Amino acid sequence: MRERIIQRLTERNTLMTPNAWDYLDRQENPSDIIDEMVEEKKDLPFPLGRDVLRSFVEKGKDDDESSSTQDLEVSIEILSDITGESTCTGQLDDFVDYFSSRYEKLRAVISKRRESQGAMDINTIKKRKGEGKVIAMVGDIYSTSNGNKVLKLEDPTGHIKGFISQDSEAYDADLLGDEVVLAEGSVWEGDGDYDVTFNIDKIVRPGVPKISQKKKKDFEGKMAFLGDLHVGSEAFIDDAWEHFIDWIKNDEGAQSIRYLIISGDLVDGIGIYPNQEDELTIKNIYEQYEEMARMLSEIPEDIQIIAIPGNHDIVRNPEPQPSLPEEIQDMFSDNVRFVGNPSFLDIEGVKLLLYHGNSINDLSDLIYEVSSDNPVRAMKEMMKRRHLVPVYGKKTPIAPEEEDHLVIDEVPDIFVTGHVHHTEIEKYHDTILINSSTWQDQTDYQKMRDIQPDPGKLVVLNPSSRKVTIQSFV
Ligand code: D5M
Ligand code: FE
Ligand code: ZN
């Protein structure tokens, strides 16, 4: 049987990793699985790993109605995740493609708005002059000596100089470079030293529809959220973690938890900030993950754990980040599932957007009302712009993928971030915004930067009733 499987895979230019073999050996009909996979999948990754294989097998189980699936079986569908899909080649052209994807995807969102009717190309409005509207990406913005704003508006047909008077309603829009907006106004004829200029009266963002016809979710049980464990750090709060483990194993209130979502920064990593090694109890990153795996193995295995990486984890820093490497994933029990940062998931009909939250720092630097202590406010700004990293070139590095995976194409039921080591929940239209807590106390580095963490908390949500509670373990 093994030879036949190897043959089928080599015909398709791939091989399986040892862990994928282990997984396959535990299935009832290994040979059939590979036959089906080879037939159904156009492209097979090299090597073929455990996760891809498992995802294929589990999907098959869902589709097969004759099998007696229990009501409460785990069902996770990955709707968007960069893992295994990266197209980055490191060429300059990548950025051209990236921003063009960002524009097209956001234009598709904004075009659905009533206000977009009658929007014109920049090239057309430039020739035609007079009143009109355009769907444009915002370029460099600066303030003039008279206190007005000048910016560049761009679409695939060209660009035009934009002008926002301080008296205009558009002045207070907190426009950021690289966001895509609908700009309404009128075009001034250029003459002499003056360029043709679009005088902007009003800015409309992609936004989130206010009224929805969404059905109530019939999700059974609860989801719980935590993040920023920073395992390996001296400041990791063992006591709080032990309380949490004791609670999740024994407390009646924990029995209905079926999914545990971890929003990145699983370990503290190494070399993330100056002199970090002085604050590490585990100085080897693999050992940090081994400890993390041991800790998660204490959680009852009927709880499905889903984890994304953060800026302290062992994957590339630019976003989107793929899931942790397979050699790390293999340290963990089968109920732990690793996906990329960000990921858009469908968990039993509940749409979940999971993002570590690096750009919260950028938004708090750029928008007056946003601060890192109030992360849901930053999350709202992301939702309004329908983008997780609305501004390029600040603190959050972006990998120029052919498709912009950071666009919020679809409005999620739940949007989760972490990173700023606070716990906060708020509803925004139909979406529940959650910033999940940390298990790391203040580090010397954070003390220097006056960052006050709010550690040791677990957010518990009933997706069906939309009731949320915060459980504290410190
Ligand atoms: O982030 C821990 C805390 O440090 C969180 O409050 C964000 C803040 N932080 C992290 N990186 C930066 C930068 N570059 N500027 C400002 N504040 C930052 P963690 O990712 O766990 O180190
Ligand atoms: Fe963190
Ligand atoms: Zn972080």
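This briefing covers a metal site and a sheet in the structure above. Keep in mind that the model is predicted. At the metal site, a zinc ion (ligand 3) and an iron ion (ligand 2) lie 3.2 Å apart, with Asp265 bridging the two.

**The metal site**

- Four residues supply the protein donors of the zinc ion (ligand 3): Asp265 through OD, Asn311 through OD1, His356 through NE2 and His419 through ND1, lying 2.2 Å from the ion.
- Along the sequence, those zinc donor residues follow the spacing D-x45-N-x44-H-x62-H.
- The two histidines tie together distant parts of the chain, as His356 and His419 are 63 residues apart.
- His356 sits in the loop between strand E12 (350-354) and helix H10 (359-366), while His419 is in the loop between strand E13 (414-417) and strand E14 (424-428).
- Buried or exposed, these two histidines? Both His356 and His419 are buried.

**The E16-E17 pairing**

- Strand E16 (residues 457-462) runs antiparallel to its partner E17, and the two pair over six bridges.
- To pick out one of the contacts here, Val460 has Thr469 in E17 as its bridge partner.

How values were computed
Residues numbered from 1 in each chain as written. Chains lettered and ligands numbered in written order. Predicted model: local features only at pLDDT ≥ 70, side-chain atom pairs only at ≥ 80, totals over all residues. Heavy atoms only, no water. Pairing = 2+ DSSP bridges. Helix = DSSP H or I, 4+ residues; strand = E, 2+ residues; numbered from the N terminus. Donors = N, O, S within 2.8 Å, 3.2 Å for Na, K, Ca; no water. Buried < 20%, exposed > 50% of the residue type's maximum accessible area, 1.4 Å probe, protein only.
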